[in-house]
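Let's take a tour of a protein model together. Have the structure open and follow along as we go from the surface to the inside and back out to the charged pairs.

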Amino acid sequence: MAETLIKVDLKQSPYDNDKIHNRWHPDIPMVAMVKPGDDFIIECVDWTGGQINNNDSADDVRDVDLTKVHFLSGPVGVEGAEPGDLLQVEILDIGAFDDSQWGFNGFFSKQNGGGFLTEHFPEAQKSIWDFNGMFTKSRHVPGVEFAGLIHPGLIGCLPSKEMLDMWNTREKALVDTDPDRVPALATLPYADTAHMGQMKGDAAKAAAAEGARTVPPREHGGNCDIKDLSRGSTVYFPVYVEGGGLSVGDLHFSQGDGEITFCGAIEMAGWIHMRVNVIKDGMAKYGVKNPIFKPSPITPKYDDYLIFEGISVDEQGKQHYLDVHIAYRQACLNAIEYLTKFGYSKAQAYAILGVAPVQGHISGVVDIPNACATLWLPTDIFDFDVKINPDGPKKGVDGSVDVPLSPDL
Ligand code: ZN
């Protein structure tokens with residue numbers, strides 16, 4: 001059995017665990033050292049550090065403190081890893097804790113976090129998803145059940161000081177273009193709620209003032225939220241500091257492409273079993289700037305999809321130029337509208353797109369002025385016929401009754 005290098009206690013504040021941190025900084029000390037070829041287990045709290053509870057109220061999502069996220073376990077150093085190398089990380093397995101077989105999905109309020117469809121869903125909402133082996137379903141979103149494509153939403157190596165300075169400079173410049181915007185254009189360093197792992201005293205204070213927030217994906221990987229980075233996949237991370245400094249968190253039981261609900265996928269606490277190796281000078285050898293990964297040999301098998309198209313014309317009918325973000329939003333809104341015809345509330349439909357193994361594709365980016373994005377909704381996740389029929393939509397479970405709506409969604 002592989003050694004568990006980092007343990008977490010879900011009843012304890014993550015600030016009391018010095019093998020957890022919530023900012024990126026090159027000086028955060030390694031909490032453990034391993035050798036190339038070693039495999040080990042790391043335990044993780046959920047990305048909010050226990051701020052969201054298994055109940056039927058979304059008040060905790062509404063009131064979440066987003067300056068605290070994401071709580072990451074690590075960094076783990078790998079002997080011999082040097083800047084310019086690639087750190088090969090095989091994800092051998094991931095699971096939820098025996099006494100925590102559930103996860104959450106939600107939408108932040110527009111005033112505190114926002115999200116992809118925040119103009120359409122400005123209030124905080126939440127659904128709880130229970131795990132049954134590899135399958136999940138929700139008391140808040142009836143009529144769907146699917147296998148989890150379980151993955152870490154956030155994984156990456158520590159940045160160098162030069163890279164950290166570059167991140168902070170370019171993100172500050174973006175925020176300065178519209179400093180009063182709600183939600184903000186980017187999340188800049190914020191010392192008050194920083195957890196710098198095993199750094200102590202004045203050094204920790206100075207690092208907290210410049211430590212990069214964990215929200216965006218960056219050159220090192222980070223919060224990429226790639227649903228296919230599942231059990232059996234292998235990632236190659238650029239190394240920027242001695243030892244690499246691998247940290248991981250934000251485990252997801254399942255997620256749709258885009259993580260459009262932002263809070264987030266099906267978020268969970270749990271453990272991840274990994275094996276590491278070092279490819280010397282791999283960044284130059286393979287021309288790597290951002291991580292590369294190989295998917296798992298095991299992938300979900302869905303033969304049938306409903307595929308919704310969207311183009312870069314917004315909800316007000318305004319024409320945009322090849323804007324994939326707007327095109328994908330239209331594809332999602334079209335799918336939501338469709339699902340309401342089967343008895344779902346719009347919020348339930350939005351939740352399904354955020355958590356189920358839906359695929360998002362950039363289908364065309366050259367046919368001016370419209371980009372075309374598509375959202376692929378697997379029909380087999382529903383326990384009723386969700387397809388188009390000449391007789392019109394057969395509402396609800398077994399085609400007999402309306403899908404019951406939960407009070408919160
Ligand atoms: Zn997440």
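## A greasy spot on the surface

Which residues form a nonpolar patch on the surface? They are Ile362, Val365 and Val366, and together they have about 300 Å² of accessible area. A patch is built from residues with over 30% relative accessible area and no salt bridge, where nonpolar side chains (Val, Leu, Ile, Met, Phe, Trp, Tyr) are joined within 5 Å and like charges within 9 Å. The areas come from the Shrake-Rupley method with a 1.4 Å probe, and for residues only the protein chains shown count as cover.

Isoleucine 362 sits in strand 20 (residues 359-364). Strands (E, at least two residues) and helices (H or I, at least four) are DSSP runs, numbered from the N terminus. This isoleucine 362 counts as exposed because its relative accessibility is 59%. The scale is simple: buried is under 20% relative accessible area, exposed is over 50%, and partly exposed is in between (1.4 Å probe, protein chains only).

## How to read this model

This is a predicted model, in which local features need pLDDT of at least 70 and side-chain atom pairs count only at pLDDT 80 or more, while totals for chains, interfaces and linings use all residues. Residues are numbered from 1 along each chain as its sequence is written, and side-chain values use heavy atoms, leaving out hydrogens and water.

## Inside: the nonpolar cores

The largest nonpolar core has 74 residues, and Leu375, Leu377 and Phe382 touch the most other members. (A nonpolar core is a set of buried Ala, Val, Leu, Ile, Met, Phe, Trp, Tyr and Cys residues joined through side-chain atoms within 4.5 Å.) Helix 5 (residues 324-340) gives the most to this core, with nine residues. Domain 1 (3-294) and domain 2 (305-406) both give residues to this core, so it lies between them; the domain bounds come from an automatic or database domain assignment.

Who does leucine 377 meet? Leaving aside neighbours within four places in sequence, leucine 377 has contacts (heavy atoms within 4.5 Å) that include Asp304, Tyr305, Leu339, Ile352 and Phe382. Another core, of 14 residues, lies apart from the 74-residue one; among its members are Ala212, Tyr236, Val241 and Val288.

## Charged partners

How many salt bridges does a search of the whole structure find? It finds 21, a salt bridge being a side-chain nitrogen of Lys or Arg within 4 Å of a carboxyl oxygen of Asp or Glu. One of them joins aspartate 85 and lysine 280, with the closest N and O atoms 2.7 Å apart. This pair links distant parts of the chain, 195 residues apart: aspartate 85 is in the loop between strand 5 (72-78) and strand 6 (86-95), and lysine 280 is in the loop between strand 17 (270-279) and helix 4 (282-286). Aspartate 85 counts as buried because its relative accessibility is 3%, whereas lysine 280 is partly exposed at 37%.

Lysine 161 and glutamate 210 also meet in a salt bridge (3.6 Å, N to O). They are 49 residues apart, with lysine 161 in helix 2 and glutamate 210 in helix 3 (residues 201-210). Lysine 161 is partly exposed at 34%, and glutamate 210 is partly exposed at 25%. Elsewhere, Asp59, Arg62 and Asp63 are linked in a network of salt bridges.
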